[in-house]
Amino acid sequence: MKDETKCLHSGYTPANGEPRVLPIVQSTTYVYDSAAEVAAIFDDPTKGLCYSRFGNPTVMAVETKIAELEGGVGAMCTTSGQAATLLSILNICSAGDSIVSLPTIYGGTINLFSFTLKKLGIECIYVDPSSSDEEIKSAFKENTKLVFGETIANPALKVLDIQRFADIAHEMGVPMIVDNTFATPILCKPFEFGADIIIHSTSKYMDGHAIQIGGVIVDSGKFDWTNGKFPELTEPDESYHGISYTKSYGNMAYIIKARMQLMRDFGVYPAAHSAFLLNLGLETLPVRMKQYCENALAVAEYLEKSDMVESVSYPALKSSPDYELANKYLKGCSGVISFIIKGGRPAAAKFMDALKLASNEVHVADIRTCVLHPASETHRQLTDEQLAAAGIEAGMIRFSVGLEKIDDIIEDLDNALKSIGK
Ligand SMILES: Cc1ncc(COP(=O)(O)O)c(C=O)c1O
């Protein structure tokens, strides 16, 4: 099945006389005829539904659709992208372990890795992608359990060399986890380049309409967890009557453990209604992604020519240092652009206030064009010097191009840029 067809049809296939649209099964629990049937599900939760903290038919239909889109063996939805990132790591790391990550990742993920995981006893070692393979390998320790990166980094818009980092991870005996939020499986399929686990904030393009926060973890089913580094997957789980996930579930060990153990204990499973809304977003994902990319490229080309703009970051631009990587990994570079306005913080603030169509909000990847000025909003507590250290210039704007008519978006930008000099 082609991606476009999967977006419309997989996950839920109605039988004769059943609803055409994915039904919302808004129930916390499921009924059985005998105690023995319930006991059998407790013995092997993959045999049926017992409680909506572990699984729900509406959510599971969406999980199937996303797993098929990414080319994985299984998926598990979560209540946010943050929860997906956290569980994807806790599923194979405990106190005393370390992880290796690219530094060009979402700010919330940096907080999670640098502060909260640290408190849990998990160390994050950041590696510079411009280092040699040998330098990167020297960051690994005996206790390193995974490598983490983002396909298109938010907000730096750097493209991840997935194959290179997956090869290094595999040589070091650990999996590569990729946050594929900005690309979505429509623009990039990280499993085809060696990634082992994918996570998404579905709050972004997958939902697309800014109506619900969510996340998902997808398992490629390809990583060999029996290499001696992952006893939590191979040895008996005493919290689950001595089950060995690899022995019982083979290539679905990782994703089933995440559900049976971590979802049971952390309880961050989405409601059926949220999954229903996410499914609506997924149904139009291929057409929306194509249009975001077209609109964003036109905006990036316009900005590159403007006298008011110092520089533009968008990997689809020929001038971008990531142009080659984008050609290798991406079928488009999404709708998110960042650019630096001449005149620093005051000019950026003036520009932001003059925009009429683009809305000022803490969000990206929406059908409506939205814009954020990190220096006066998300990072307002930092001085210009501290901003520079964090890689954010005072005049930097993150612009998330929506699906409005391109002429209208450019007219809005043009008027706002012209207003700076007035
Ligand atoms: C790339 C990326 N990953 C993860 C997250 C976290 O997702 P959520 O806000 O759904 O928790 C975000 C949020 O902006 C993001 O941009």
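Colleague: Is D3 buried or exposed?

Modeller: This is a predicted model. The cut-off for buried is under 20% relative accessible area. D3 has a relative accessibility of 15%, so D3 counts as buried.

Colleague: How many residues apart are E63 and R259?

Modeller: E63 and R259 form a salt bridge, with their closest N and O atoms 2.7 Å apart. Both residues are buried. E63 lies in helix α3 (residues 57-70) and R259 in helix α11 (residues 253-266), so the pair links distant parts of the chain, 196 residues apart.

Colleague: Which residue forms a salt bridge with R264?

Modeller: R264 is buried, with a relative accessible area of 18%. Its closest N and O atoms to the partner are 2.7 Å apart, and the partner is D265.

Colleague: How many salt bridges does a search of the whole structure find?

Modeller: The pairs include D322 with K158, at 3.3 Å from N to O. There is also a network of salt bridges that links E134, K137 and E171. For the whole structure, the search finds 15.

Colleague: How is the chain divided, and how many salt bridges are counted between the two domains?

Modeller: The protein chain is divided into domain 1 (4-280) and domain 2 (286-420). Their contact takes 30 residues from domain 1 and 30 residues from domain 2. Across the interface, 13 residue pairs are in polar contact, both residues being at pLDDT 80 or more. The count of salt bridges between the domains is 1.

Colleague: What is the area buried between domain 1 and domain 2?

Modeller: The C-alpha centres of the two domains lie 30 Å apart. Carbon and sulfur atoms give 65% of the area buried between the domains, and that area is about 2,500 Å².

Colleague: Which residues does I337 contact, leaving aside its neighbours within four places in sequence?

Modeller: Beyond four places in sequence, its contacts are L157, A296, V299, A300, L303, V312, S313, Y314, I397, R398, F399 and V401.

Colleague: Which residues of helix α7 are buried, and what covers them?

Modeller: An α-helix has 3.6 residues a turn, so residues three or four places apart point the same way. In α7 (residues 162-171), the buried residues are I162, R164, F165, A166, I168 and A169. The cover over them includes α6 (133-137), β4 (144-150), β5 (176-179) and α14 (323-329).

Colleague: Which residue just after α7 takes a positive phi?

Modeller: The helix α7 spans residues 162-171. The phi in question is about 80 degrees, and the residue is G173.

Conventions
Residues numbered from 1 in each chain as written. Predicted model: local features only at pLDDT ≥ 70, side-chain atom pairs only at ≥ 80, totals over all residues. Heavy atoms only, no water. Buried < 20%, exposed > 50% of the residue type's maximum accessible area, 1.4 Å probe, protein only. Helix = DSSP H or I, 4+ residues; strand = E, 2+ residues; numbered from the N terminus. Contact = heavy atoms within 4.5 Å. Domains from an automatic or database assignment. Buried area = accessible area lost by both parts, 1.4 Å probe. Salt bridge = Lys/Arg side-chain N within 4 Å of Asp/Glu carboxyl O. Polar contact = N/O pair within 3.5 Å; in protein donor to acceptor, adjacent residues only side chain to side chain.
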